[in-house]
Each structure stands twice: as structure tokens, then as C-alpha cells.
Amino acid sequence: MDRNTNGLSESEAAAEARRLIEEWADKPVRHHPTSFRDDTKPPARGDTPPVPQPDSRIVPAWAAGIAVASIGVGAGSTGLGCAAWLMFRGLSLVSVPGLERFALIVIAPFAGLAMVLTAGGAAIAKAKASSTTNVYEGSVTQKTEITNISNQRGMFSRTRNDIHG
């Protein structure tokens, strides 16, 4: 029953479409499994001896860097917390007679920071100033000429050594 669909009228085309749809609907739907579970228990001991499996994990450099940085941040925040605790404990002791201590507590951190910055700047300036670069090209020849002039007159004597290099 091969029909040419190009020459069908509308009623014939509708009948053909209905027949194709009914033919498709009568076919059974296939179900494909999406997973499989093997319920058999593995043997407790087999023929193959156990194989050593050494731990050879390698930590990437970026992970090690993050770990070190997090330790540094933790230690720094602990130090800042201790400094804040000491500062607030000192501020809680402030009274009218204790204003001298208050000024010392407030000014001391800034003075310490200024001293550290000044020392660091001086060290950097000294390190920059002391660096020299000497570039020697060619052979090096050393020529030394020593001239001895000795004069003696009576009890006075004079000796002159000239070294020309």
C-alpha cells in the first residue's frame, strides 16, 4: 500500500494521518533501565593477595599557599584581639588621676609604629646605597714599581719609598 502523499486530497490526507497515529499508539512503550544493582555479596577472601596502596597525594602549591596564609591571618587576628583586649583593659582603668596612663596607652602604639617604620626606611635606604655593580671586561694586569730613595747626612736620615702601581 504505497501511496504518494503529494497527490492526496484533504480528506485522504487526514485519513492517512489518523491511520499513522493509531498505528504508532498501538505499539508498546519500551522501558530502558537507567541503573543496575548487583545484590550478590562479594567474597570475604579471594585468590588475590592484598596489594599495598601507599598514600601519595600531592598538595598543589596554591592550596599550600592558602593554608599558610590562613595560618598567618589567624595568628595576626589573635594578636590584634590581644592588643584590643589590653587597650580596653587599660582604658577601663582611666580615672582623673590616671590620665597620664591614658595618654601613654593611646600614644605608645603610634610611637612604636613610627619607630618601626623609621628603622625599616633607614635599613632600606642603607641597603640601596651600599649596592655597587662592577663590571670588568678583558684581562687584568698588575704592574708595580718601587723606588727607594735614601738620604743620610750626619745623624739625620730620610728614606722615601714610592710605590707606583
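User: How many residues apart do Glu23 and Arg19 lie in helix H1?
Analyst: In this predicted model, local features need pLDDT of at least 70 and side-chain atom pairs count only at pLDDT 80 or more, while totals for chains, interfaces and linings use all residues. Residues are numbered from 1 along each chain as its sequence is written, and side-chain values use heavy atoms, with hydrogens and water left out. Helices are DSSP runs of H or I with at least four residues, strands are runs of E with at least two, and both are numbered from the N terminus. Helix H1 contains both Glu23 and Arg19, about one turn of the helix apart, and the spacing is four residues.

User: What is the distance between the closest N and O atoms of Glu23 and Arg19?
Analyst: A salt bridge is defined by a side-chain nitrogen of Lys or Arg within 4 Å of a carboxyl oxygen of Asp or Glu. Glu23 and Arg19 form such a pair, and their closest N and O atoms are separated by 3.0 Å.

User: Is Glu23 buried, partly exposed or exposed?
Analyst: Buried denotes under 20% relative accessible area, exposed over 50%, and partly exposed the range in between, with a 1.4 Å probe and protein chains only. Glu23 has a relative accessibility of 41%, so Glu23 is classed as partly exposed.

User: Which residue meets Glu16 in a salt bridge?
Analyst: Glu16 lies in helix H1, which spans residues 10-26. The N to O distance of the salt bridge is 2.7 Å, and the partner is Arg19.

User: Which residues are linked in a network of salt bridges?
Analyst: Side chains of opposite charge can pair when their charged atoms come close. Arg19 forms a salt bridge with Glu16 and another with Glu23. Arg19 is partly exposed at 40% relative accessible area, whereas Glu16 is buried at 16%. The linked residues are Glu16, Arg19 and Glu23.

User: Which residue forms a salt bridge with Arg37?
Analyst: The structure holds three salt bridges. In the one made by Arg37, the closest N and O atoms are 3.3 Å apart.

User: With which residue does the side chain of Ser11 make a polar contact?
Analyst: A polar contact is a pair of N or O atoms within 3.5 Å; within protein, one must be able to donate a hydrogen and the other to accept it, and residues adjacent in sequence count only if both atoms are side-chain atoms. Ser11 is placed in helix H1 and is exposed, with a relative accessible area of 57%. The contact runs between side chains at 3.4 Å, and the partner is Ser9.

User: What accessible area do Val106, Ile107 and Phe110 have together?
Analyst: Patches consist of residues with over 30% relative accessible area and no salt bridge, like charges being joined within 9 Å and nonpolar side chains (Val, Leu, Ile, Met, Phe, Trp, Tyr) within 5 Å. Val106, in helix H3 (residues 99-130), is partly exposed at 35%. Accessible areas come from the Shrake-Rupley method with a 1.4 Å probe, and for residues only the protein chains shown count as cover. The nonpolar surface patch of Val106, Ile107 and Phe110 has about 310 Å².

User: What pattern does the chain follow along the sequence?
Analyst: The chain has three helices and two strands. Read along the sequence, their order is α-α-α-β-β.
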